[in-house]
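Q: Could we go through the side-chain features of this structure together, beginning with how a charge is judged to sit over an aromatic ring?

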Amino acid sequence: MTRAQIAALLVACCATAASAQSAPLATNRLTPAERAAGWHLLFDGATLKGWRGLGYDSVPTAHWKVSGRAIHKVPTGTVPRLRDGQPAAGGDLMTTGTYRDFELAFDWKVPPGANSGVKYNVSEEMSKLTANHAALGFEYQVLDDSLHPDNKIPSHRAGALYDLIPPDAGKRLAPVGQWNSSRIVLRGNHGEHWLNGRKVVSYDLGTPRFDSLFKASKYRPIAGFADHRAGHIVLQDHGDEAWYRNLRIRELKP
C-alpha cells in the first residue's frame with residue numbers, strides 16, 4: 001500500500017469515527033432484547049398519545065409540549081395568557097393507564113434552579129379530592145440540587161422519595177442542563193429509586209421504619225396515601241421548565 005493510500009485510509013477512518021461520535025443516540029426506542037424482556041414505551045417521541053392532564057380528558061397543551069423528541073414542561077412564566085390575563089390552565093400530566101408492580105425507566109433534565117418530579121402509585125380519585133390537578137402519590141424528586149432552595153432538606157433533593165427518604169450520599173447527579181437516567185421499581189411492598197446507575201433509595205411499605213418516616217412527613221393526614229395500588233405515572237407541573245424522554249415501563253410479577 002502506498003503512502004497516499006495509507007493517508008486516504010486514515011482520513012476515511014477519522015471521518016467515520018467523527019460521524020459516529022456526532023450522530024445522536026437513538027431515543028424513545030426499544031431494542032429487541034428490551035421488548036423481549038417486557039418493556040414498552042410510554043412516550044413515542046413525537047406525540048403525547050397515552051397521556052392526559054390529571055382531572056382532564058385531554059393534555060393541557062399550553063403547559064406540556066413535545067420538543068426535541070422529549071416531553072417539555074413549558075415554564076409557567078411563558079404559558080399563553082387568556083383574554084382575562086390569566087395563564088391557560090395547567091396541571092400534572094399522567095398516563096392514561098395504571099400500573100401496580102413495575103419497573104419504570106426515564107431520562108430527565110432541568111435548567112438552573114428548577115423543580116419537578118415523577119410521581120407513581122397515584123390515585124386520580126384521591127388527588128381530585130384534595131388538590132387542583134396535582135397528583136398525590138410517591139414522588140421521585142427531580143431537582144437542580146445546586147440552586148433550588150429545596151436542596152436544604154435532604155429528602156427533597158434529586159432522587160429522593162420526596163419528603164420521606166433522602167437519596168444516598170454517594171449519588172451521581174449530572175451537571176444541570178444535562179440528561180440524567182433514572183429508574184423506579186415498585187414490587188409488592190418494596191420500592192427503589194435509581195439515579196445514573198446507582199440505587200439511591202430503598203424502602204419497604206408497612207415496616208416500622210417506613211411508618212415512622214410517613215408519620216413525620218407532610219402526607220400523614222392523607223388516609224390511604226401509602227397503600228399500594230394500581231396507580232398512574234405522573235410528570236409534575238411545578239411551574240418550572242423540565243424535559244423527559246425515554247420513558248419506558250415493564251410490569252413485574254408481585
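A: A charge sits over a ring if NZ of Lys or CZ of Arg is within 6 Å of the ring centre and within 35 degrees of the ring normal. In this model, which is predicted, the charged end of Arg245 lies over the ring of Trp179 at 4.0 Å from its centre, and that of Lys109 lies over the ring of Trp243 at 5.4 Å from its centre.

Q: How should I read pairs between rings, and how many aromatic pairs does a search of the whole structure find?

A: Rings pair if their centres lie within 6.5 Å, and planes over 60 degrees apart count as edge-to-face. The search gives nine aromatic pairs; one of them, Phe138 with Tyr203, is edge-to-face, with 6.1 Å from centre to centre and 70 degrees between the planes. Because Phe138 belongs to strand β8 and Tyr203 to strand β11, this pair ties together parts that are 65 residues apart in sequence.

Q: Which residues have the most contacts inside the largest nonpolar core?

A: A nonpolar core joins buried residues through side-chain atoms within 4.5 Å. The largest one here has 46 residues, and those with the most contacts inside it are Ile71, Tyr203 and Tyr244. Among the elements that each supply at least two residues of this core are β8, β11, α4 and β13. A second, separate core of five residues includes Met94, Val122, Ala135 and Val234.

Definitions and conventions
Residues are numbered from 1 along each chain as its sequence is written. This is a predicted model: local features need pLDDT of at least 70, side-chain atom pairs count only at pLDDT 80 or more; totals for chains, interfaces and linings use all residues. Side-chain values use heavy atoms; hydrogens and water are left out. Buried means under 20% relative accessible area, exposed over 50%, partly exposed in between (1.4 Å probe, protein chains only). Helices (H or I, at least four residues) and strands (E, at least two) are DSSP runs, numbered from the N terminus. Rings of Phe, Tyr and Trp (its six-membered ring) pair if their centres lie within 6.5 Å; planes under 30 degrees apart count as stacked, over 60 as edge-to-face and the rest as tilted.
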